[in-house]
Amino acid sequence: MSLLFLTFLFPLLGFATLAAARGKFAENTAALVGVGSMGLSALTAAWAITDFLTNTPADGAYTQLLWQ
């Protein structure tokens with residue numbers, strides 16, 4: 001579950017890539033970056049759900065430290 005932050009990071013990286021390119025990509029490449037980043041995010045979320053359901057913590061809750 002330590003890779004759960006990738007659910008938010010993939011779309012952010014896709015946006016940053018497309019914003020930095022500013023129309024320099026072909027339409028199909030831009031679509032691939034946009035849809036691909038969302039697809040990776042969905043796969044990461046599905047993996048996190050599967051991992052949580054198969055390895056449920058003893059107390060039934062999962063705590064993730066975001067920063068110190």
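Select helix H1 (residues 6-21) together with H2: the two pack at an angle of about 175 degrees, and their axes lie 8 Å apart. Helices here are DSSP runs (H or I) of at least four residues, numbered from the N terminus. Axes are lines fitted to C-alpha atoms, for helices over the stretch in contact, with angles running from 0 to 180 degrees between N-to-C directions. H1 and H2 are therefore roughly antiparallel to each other, a term used for angles over 145 degrees.

This is a predicted model, in which local features need pLDDT of at least 70 and side-chain atom pairs count only at pLDDT 80 or more, while totals for chains, interfaces and linings use all residues. Residues are numbered from 1 along each chain as its sequence is written, and side-chain values use heavy atoms, with hydrogens and water left out.

Next, display the residues where the helices meet. On the H1 side, they include Phe10, Pro11 and Gly14; on the H2 side, Ser37, Met38 and Thr44 are among them. Contact means heavy atoms within 4.5 Å.

Now centre on threonine 44, which lies in helix H2. Threonine 44 is buried, with a relative accessible area of 10%; buried means under 20%, and exposed over 50% (1.4 Å probe, protein chains only). Beyond its neighbours within four places in sequence, threonine 44 is in contact with Leu3, Leu6, Thr7 and Phe10.

Finally, move to valine 35, also to be found in helix H2 (residues 27-54). Valine 35 is exposed, with a relative accessible area of 62%. From C-alpha to C-alpha, valine 35 and alanine 21 are 16 Å apart in space, and 14 residues apart in sequence.

Technical notes:
Parallel < 35°, antiparallel > 145°, perpendicular 65-115°, else oblique.
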